[in-house]
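User: Hi! Could you walk me through the rings and one of the helices in this one?
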Amino acid sequence: MLSKAILRAVACLPLLALLLPVAATAQPLEVAVSVLPQKHFVERIGGERVRVTAMVQPGQSPHTYEPSPRQVATIADADVYFSMGVGFETAWLPRLRETSPEMRIVDLRKGIAMRAIEGHGHGGEEEHDHASGGAHGHRGEADHTQEPHEETGHGHEHAGEHGDAHAPEEPDPHVWTDPRNVITMAATIRDTLSELDPDGAGVYRQRFEAYRDRLRELDAELESMLADIRQRRFMVYHPSWGYFADRYGLEQLPIELEGKEPGPASLARVVNQAREAGVRVIFVQPQFSERSARRVAEAIDGEVVAVDPLAEDYAANLRRVARAFRAAMQ
C-alpha cells in the first residue's frame, strides 16, 4: 500500500511542475498611469498580464487633480508608473519617488518629438493675444509610425515632468492625440513590460504588433476623413489637440490664456479671430468651464461642442472627434 502511495505521488510530480509556472505568472503586473488613454494603451499591450490603475478618473482634470490618500495607497506597490507630463505630475511624481523609491517610473514621451503648446509663450495678455492662434501646420515629414526601440532609436529632450499649468514655451503634453505617437508609446510599454516580466515578452510583442497595425489603420482612416475639408482652422477653449492638428494639416486656435480664462480685451480679440477664420463651432472639453467658449459662440452666432481628449475608448473617440471637426469645418 505504501509503495502504491509513493508511486502515485511520484506520478503527480510532472503535473505539479506544470502548475507551478502558472501560479508564478498568475499574479499580473501592477501598473499605474496618469490618465485614462494610457490605461487603454497599457491594457492593449499587456492584456491579462497587467492590472492598470489610472489616477485621473472621468470628469476630473489633470490640471487641478490631486491624488487621494486611497489612490496613493493603491499604487504604492505598483511595479511601474507610466508618466505623461500632465499637470499634477509636476508636484506629485517627486513625492512618489520619495515614498516608493523601488517603483519604476517610465516617461511615455520618450522618442516623441514634442511641440510647443499654443498661446503659452508670452508673458502678458497684450503680448499673448496678437499671436494666440499659433502657426502649427502639418508635420507630415516626421514619420511617427516608427518605434523608438526598433526603427528610429531617437529620443527627445524635455525638462523633467512638465505640469499642465503650461509655463511659457512648455511642451504640449497631449501627445496621444496623434496615433503615430501612440505607436511609439506602445513600443515603450512593450519593452518595459518585457523587462519586468520576461516570461510574457512574446505575448507583449505579439499584442504590440497587432495594436500597431490597428493604429496605422486608424491613422489612415482619420487622414482620409480630414483630407478634403476646405476650412483647416478650428477654435478650442483649451489647446489639447495640437498633435492631432499637426498630423492632419489643421490648426487649432485657443481661447485660454496661460491656463486661465481670457480677460475682456483678449476675449474681444478671440471673437474677431473666430470671425476672420470663419469659425462657427467652439470646441470644449468636459473638464473645463464653458463660460468663455459660450461667450465667443454667442458673439459669432455659433455653437459649443464637447470633445474629450481624455476619453478611454481611444480609437472610437478619435473617430468621433474627427467627425466633429469635419462637420464644423466643411
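**Rings, charges and a helix**

Analyst: Happy to. Let's begin with a charge: the charged end of Arg115 sits over the ring of Tyr243, 5.7 Å from its centre. Keep in mind that this is a predicted model.

User: Which ring does the charged end of Arg190 sit over?
Analyst: That one is Phe208, with the charged end of Arg190 4.4 Å from the ring centre.

User: OK, ring on ring now. How many aromatic pairs does a search of the whole structure find?
Analyst: Twelve. Among them, Phe41 and Tyr314 pair edge-to-face, at 5.0 Å centre to centre and 80° between the planes.

User: Where in the chain are those two?
Analyst: In distant parts: Phe41 belongs to helix α2 and Tyr314 to helix α12, 273 residues apart.

User: And is Phe41 buried or exposed?
Analyst: Buried, because its relative accessibility is 0%. Tyr314 is buried too, with a relative accessible area of 3%.

User: Why does the pair of Tyr65 and Phe88 count as edge-to-face?
Analyst: Because their planes are at 80°, and over 60 degrees counts as edge-to-face. The ring centres lie 4.8 Å apart. Tyr65 is in the loop between β2 and α3, while Phe88 is in the loop between β3 and α4. Both Tyr65 and Phe88 are buried.

User: Switching to α4: which residues are buried there?
Analyst: Glu89, Trp92, Leu93 and Leu96. Down the axis of α4, these buried residues fall within an arc of 100°, so they line one face of the helix.

User: What covers them?
Analyst: The cover includes α3, β3 and β4.

Note on methods. Residues numbered from 1 in each chain as written. Predicted model: local features only at pLDDT ≥ 70, side-chain atom pairs only at ≥ 80, totals over all residues. Heavy atoms only, no water. Buried < 20%, exposed > 50% of the residue type's maximum accessible area, 1.4 Å probe, protein only. Helix = DSSP H or I, 4+ residues; strand = E, 2+ residues; numbered from the N terminus. Arc of directions from axis to C-beta. Contact = heavy atoms within 4.5 Å. Phe/Tyr/Trp six-rings, centres within 6.5 Å; stacked < 30°, edge-to-face > 60°. Lys NZ or Arg CZ within 6 Å of the ring centre and 35° of its normal.
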